[in-house]
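Subject: The structure for you to look at

Hi,

Here is the structure I promised to pass on.

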Amino acid sequence: MHVSQIVGDQRNNKLFWRLIIAIFAFTRNHANSSENDNEYFTSITGLEALMNTEQTLLIDLKDYVIKAKQQINLLEKEISKIAREHDLASQNLESYLANPVNAYKLIKRLFVDWEVYEEQIAEVINFFKLMDERRKNFQFPQLEDFDESAIALVRLQQTYQLTVPEIAAGKLNGIQYGYDMTWTDCLVLGRQLFHMQAYNQTKFWLKESVKRLQQEPDRLELFPSDFLQEPTEYLIRLGDADTALQLYKIIAKHKEDGRGSFKIKEMIQSSEILPNAANDNENIWKTPYHVSGRLCHIHFSIYGKFQMQKTAEFDIYQKLCRGEMTKTAREQRDLRCFYVYENNGFSRLAPFKVEDLNLDPEVKIFHNILSDETIEIIKQLASPHLARSTVVSREQARAATHNYRISKNSWLAYDSHPSVLRMLRDLHDITGLDMKCSEDLQVANYGLGGHYEPHVDFFPDPSYYPTNLPGVSGNRISTAIFYLSDVEQGGATAFPFLKLAVKPLKGSVLFWYNLHRSLHGDFRTRHGACPVLKGSKWIGNVWTHEGGQELIRPCALHQDHEISLPYEIIK
């Protein structure tokens with residue numbers, strides 16, 4: 001039987017649905033003791049592993065339904081709902097998982113819902129043993145994945161100014177990408193955000209949950225009387241008595257015993273309203289400012305946590321991500337497109353296409369550098385070694401993960417494959433730089449709402465210059481970002497001080513100089529990776545150092561770095 005043809009009778013399955021209530025207590029109180037080494041939320045490749053896990057579990061559950069006739073009505077309906085998502089994903093798995101709503105629902109199902117399914121069918125020994133074996137051998141999300149997936153949705157909502165109803169409807173910037181969220185999806189997300197103290201966001205998601213419940217109030221009969229007691233208390237404590245009363249009316253109308261209504265009335269009289277509940281995300285965003293460093297990025301706290309989001313620069317960064325700010329026609333009038341062939345005689349037959357994006361500092365894009373075949377080779381080489389991107393700070397002696405950098409990366413030696421070595425050769429042929437003084441190729445894949453907030457790629461402190469890389473010396477003179485994928489929405493590389501946002505263009509290379517000719521850092525090159533709203537973002541980073549470039553890009557006769565000094569301090 002095809003899962004899309006399954007029909008269930010809810011009234012015969014009230015007991016099963018009551019077990020779902022356990023997921024809400026589980027959401028807050030459960031703490032998984034195992035370390036989350038995979039951190040699936042940090043890359044689309046990690047989410048693909050979860051999708052494969054759920055595909056296997058779906059098959060197992062279908063087999064059980066055939067044997068467990070007394071539970072078949074409800075279980076078939078659940079299978080149908082999950083299979084609908086997988087049918088949609090089968091059309092384009094990467095595109096499906098690049099939708100943050102789909103990614104959140106996937107993590108929520110695997111982290112919460114499948115636990116309930118196991119409890120309901122535990123009496124069937126064979127299936128129970130099978131599920132236990134699956135948990136040992138398959139990949140499941142951990143608590144960090146569950147929480148970070150919620151944070152990612154809020155990050156996308158705030159960066160791109162999306163409304164809660166729009167996200168819940170499966171729409172991103174007005175485009176419908178998949179199925180909408182259920183009222184229970186919205187309610188679980190609201191509960192998560194409440195415990196993260198993102199109170200304003202909590203209110204919006206709980207209100208959306210109530211609105212969706214009003215559209216299908218009969219489903220409330222499947223749940224115990226006190227099912228909505230805690231969310232109602234949250235609304236009262238957040239000062240939203242109107243929505244709390246809407247819940248009260250729904251419960252009073254659809255509950256037979258009336259006990260739930262009495263508890264809610266008592267709650268309204270006794271609950272204390274939270275102070276400063278409208279100050280949203282003061283605790284969800286633990287994001288000090290940072291600059292980059294060697295191999296992993298170096299973080300320097302200048303103003304302390306929470307300050308980054310309050311700066312004018314960060315406001316410009318978000319506007320650039322949304323496409324609300326661009327250079328004026330006057331600022332673009334001296335920009336040119338041209339061919340480059342001087343550094344390689346063979347290039348005269350097929351010159352490189354170069355486009356100016358900014359003249360001072362130099363920012364350019366090289367078009368049509370990588371073929372689709374080369375890109376797939378690079379991704380295949382890098383994928384098995386992807387690990388969470390980390391940051392090293394002055395306060396920490398070791399690399400650590402932070403939510404201002406959500407991605408996975410791996411490093412490829414240039415001699416690992418001719419296609420990788422050819423990337424260096426092309427950069428030399430275009431720029432003339434000595435590419436032997438380059439760090440290994442860093443390949444990165446951005447995950448659910450993946451981003452990297454504004455930073456610089458050079459080292460402000462010479463003590464962080466690499467000392468263990470053969471042939472590499474001095475500071476990072478240039479950055480080259482090879483775009484290994486297109487991104488449908490979001491994911492631009494934004495330069496707040498240059499009013500420039502570069503949308504990923506598969507096969508192209510974004511290039512700029514990090515240093516003045518005097519070899520001082522150019523703080524105007526501070527840039528960030530905008531959150532990926534829809535799509536899978538793959539890039540390859542090549543950082544070339546100043547060693548060996550003396551005659552290729554010589555110093556001027558005067559200091560030329562003063563122009564960028566005003567941009568060193570965040571304003």
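Below is what turned up, going from the whole chain down to single spots.

First, some ground rules: this is a predicted model, so local features need pLDDT of at least 70 and side-chain atom pairs count only at pLDDT 80 or more, while totals for chains, interfaces and linings use all residues. Residues are numbered from 1 along each chain as its sequence is written, and side-chain values use heavy atoms, with hydrogens and water left out.

**The whole chain**

The protein has 18 helices and 19 strands. Both are DSSP runs numbered from the N terminus: helices are H or I with at least four residues, strands are E with at least two. Of its 571 residues, 57% count as buried. Buried means under 20% relative accessible area, exposed means over 50%, and partly exposed is in between (1.4 Å probe, protein chains only). A contact means heavy atoms within 4.5 Å. Among contacts between residues at least 6 apart in sequence, 77% join residues at least 24 apart.

For contrast, have a look at C337, which is exposed at 61%, and at C555, which is partly exposed at 48%.

**A glycine beside C530**

Now find G450, in the loop between β10 and β11 (452-455). G450 is buried, with a relative accessible area of 0%. Leaving out residues up to four places away in sequence, G450 touches I406, C530, P531 and V532. So what separates the C-alpha atoms of G450 and A152? The answer is 7.8 Å, although the two residues are 298 residues apart along the chain.

Two strands pair if DSSP finds at least two bridges between them. β12 runs antiparallel to β19, joined by seven bridges, and I481 stands opposite N541 in β19. β12 also pairs in the antiparallel sense with β16 (residues 509-513), over five bridges. There, S478 stands opposite Y513.

β12 turns up again around helix α17 (residues 372-382). The buried residues of α17 are T374, I375, I377, I378, K379 and A382. Among the elements covering them are α5 (93-97), α18 (418-431), β12 (476-483) and β19 (538-545).

**The cavities**

Rolling a probe the size of a water molecule over the atoms shows where empty space is left. How many cavities of 30 Å³ or more does the structure hold? There are three. On a 1 Å grid over the protein atoms alone, a cavity is a set of points where a 1.4 Å probe fits but cannot get out, and lining residues have an atom within 4 Å of a point. Grid points are joined across faces, edges and corners, and a volume is the space filled by probe spheres set on the points.

The largest cavity holds about 190 Å³ of space. Its lining has 19 residues, of which Y446, Y452, H455, I539 and N541 lie nearest the centre. The elements that give two or more residues to that lining are β10, β11, β12, β17 and β19.

The second largest cavity holds about 40 Å³. Its lining includes W183, L187, S209 and L247. α11 (199-215) gives the most to this lining, with four residues.

Enjoy exploring!

Definitions and conventions:
On a 1 Å grid over the protein atoms alone, a cavity is a set of points where a 1.4 Å probe fits but cannot get out, and a pocket is an open set with protein on both sides within 12 Å along at least five of seven lines; lining residues have an atom within 4 Å of a point.
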